[in-house]
Structure formats: structure tokens, C-alpha cells
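I opened the model today and kept notes as I went. The entries follow in the order I looked things up.

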Amino acid sequence: MVKFLGIGVTHDASEVNPRSGGVFDRSYTSELITAHEKNGWDGLIFHYNSATVDPSIVATYASTISESIQLIIAVRPNTCAPTYMAKKIATLDTITQGRVGLHVISGGYAAEQLAEGDSLDKDRRYARAGEFIEICRRSWTESAPFSYNGEFFETENFYSDVRCADPAGVTVSTAGMSDSALKLAATRADRHALWGMPLAETKTFVDELRRHCDEAGRENLPEIQMQFRPILGETTSAARKHADDIMLRMQKNLGGWAAGRTPETAGAAHALEVLKKGEWHDECFWAGPAGEVSGTGNNTALVGTPAQIADALCQYNDLGVTVFGLNDYDTLQGAIEFGRDVIPIVRKGLAG
């Protein structure tokens, strides 16, 4: 079954909007969570950044004003012990009766990592993430105290009496497009997230992930998640006009400071490679925003009518993508409109 994940931000800022208030706007956060739950979304991911709010605390707040939506908490393994995170996740999962997931971010940007004291190179950050996930899983499932002696983490006779709603633990997701990221996904992840890309490139990455799974002796691929920014219009021309407006607003808001930088991640490099091949791909894939942010983050879009975007998502599903992470540049409005106008078409189309 296909799943739709929104983004659990706590204020109205985006690449096209300056923030109008504080870093945690209680009213906006509450309205955004409710908008996702009432408009057919399956989950929300609460991202991690060195300068912003703690995603686990925001997810806990979200659990008090929601009833069914899944709450996915991001963590960077350099910020806490895996035993501590495992207990935190299990506690909230118990409270919410199985609504929690864990998203492990190995760390793509050196400045972000150094801001919190992490100087490991990228490959070793992925290796550390693997140890982090292994210890979390053992914390959720071991019936007796266990010890662990790894390169990055150690435990001695650790046992947690805090268990998840599912005895196997929660869904653990990873992300990234480098060889190290795909190898981690193949060996440790239940779900792996990729930045949005055209259909042909998607097939290539799915095949590459399958190769890593084969090498690891894993029969089934992790769930594949893909990120997009949806840009809707009543007609194709209206949607393209909306995209043009997004670009102008982005250029005005960012002022060019994020453009022209050397990409630090495989995902950013790939986004710029796609843009170099052309701004538009397939029926509605738009690479244009990637140039304004040097390929970073979720900045490739699907542009079109609700029916066109729904059809595109079904084509990605045919390639093996079963989870879609989507957030509009106008986050709250987009959560309502996409949930109302696109999600039902996709669900009906795939059911048929």
C-alpha cells in the first residue's frame, strides 16, 4: 500500500517564505498537524537540524493533538547514545499505541556536523549509523541484557524494559544517494528515502539498491521513499505559471546566497546533474528549484494538475516507490490541497 508523508515543521518559513514568528509557533504547528491528519496523509516526519527545535519533543506534542497519523522522528547518531534514543522512541510508541517511526540521518554536511562536535568523514558517519540502528533494534527486542563493542558505540549489560507496541520495534528509515547510503539501507533499513528524480534515474537507483541487497543476502528491498515538492494548478498552464511564481519568490527570499555552491552530498550532485540535462523531464518533473539551492534538500518538484501529478506518482509506484514524502513550498496550504485533491486519485488509481 502506498503511503504519504508530510513534514512536521513548526513555523511558516520555507525557501519562498521568510519566517513570520518564532521557531515554534504553537498555533501553526497544531494547524499543520491537524491538516495532515484530516486530509488523508499517513504520517509526518519531524526533521533534525542543529539550530532548530528537538524533533522528538515536537512529535510528542503532535501525539497529543492527533489520533492516527504516524510520527517519524529524525536523529543524528552523533547527538545521543543509541540506547537513550531507543528508550525515547519505545516510550512514545507505547504511549501512542504504535504510531512512531525512527529516521536515522548519517549527516551530509560538514558544517552541520561540526556545529555539534562531529568531525567524522562521510563514510564513517554511515558506518556509525549502522551501529546506531543495530543497538536500537537490540534494545527493542533483546530479552536479556546485552553488550556491544563497536567502533563508535559501546554498551555493557544493557537492558531496556521499555518496549515498542510491535515486539519487532518501529520502522527505521535511512536516506541518501551515495554508495555508502545505499549499502546502509540494504543492510539496516526498513525504508530508504531518495530525493526526487526523473523516472529513468529512479529506475537506475532502484536497481542499484537491489544490487546492494543481493550482495548483502537480503531478499526483499527496503521500502523506497521519494521526496518531491508538489506544485498544483487547475490546468497544465496554470501549474506552470504557479511554478514560475515559486521560482520568483524563491529568488527573492533567498537572494542568491544558496546558489552556485559545490555540492557536498551525492543527492545534491545528482540533482544538479539532472538540472544540467534539462529543467523539465517526463510529463511534470521540474528540476528548476535545485539550481537556487545548489541541489540541497527536497527541491525537485512535480508540476501539473492533480490528475497529472497522481499519474506521475503511480508511475513511480510502478518502479517500486511505495512511500512519498511531499511538502508544498506553502506548507500548510499545500498539505490541505494535496491531501484533498491528489491523494484520493492515487489511492483510487492504485486500488483499480
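For the charge tally I counted Lys and Arg as positive and Asp and Glu as negative, leaving out His and the chain ends. On that basis I found 33 positive and 46 negative side chains in the chain. The centres of the two sets lie 1 Å apart. I kept in mind throughout that this is a predicted model.

Next, the fold. I listed 12 helices and 13 strands. I then looked at contacts with a separation of 6 or more, and 72% of them join residues 24 or more positions apart.

Then overall dimensions. What radius of gyration would a compact globule of 352 residues have? I noted a value near 20 Å; the chain has 20 Å, so the two agree. Along the principal axes, the C-alpha atoms fill a box of roughly 65 × 45 × 40 Å.

Surface came after that. I got an accessible surface of about 15,300 Å² for the chain. Carbon and sulfur atoms hold 50% of that area. Of the 352 residues, 53% count as buried.

Last, a single residue. I picked serine 63 and placed it in helix α2, which covers residues 55–64. Is serine 63 buried or exposed? Its relative accessibility is 13%. The cut-off for buried is under 20%, so serine 63 counts as buried. Which residues does serine 63 touch, not counting those up to four places away in sequence? I wrote down Leu71, Leu92, Thr96 and Arg99.

Note on methods: Residues numbered from 1 in each chain as written. Predicted model: local features only at pLDDT ≥ 70, side-chain atom pairs only at ≥ 80, totals over all residues. Heavy atoms only, no water. Helix = DSSP H or I, 4+ residues; strand = E, 2+ residues; numbered from the N terminus. Buried < 20%, exposed > 50% of the residue type's maximum accessible area, 1.4 Å probe, protein only. Contact = heavy atoms within 4.5 Å. Rg over C-alpha atoms; globule rule 2.2 N^0.38 Å. Areas by Shrake-Rupley, 256 points an atom, 1.4 Å probe, with all protein chains shown as cover. Charge placed at Lys NZ, Arg CZ, Asp CG, Glu CD.
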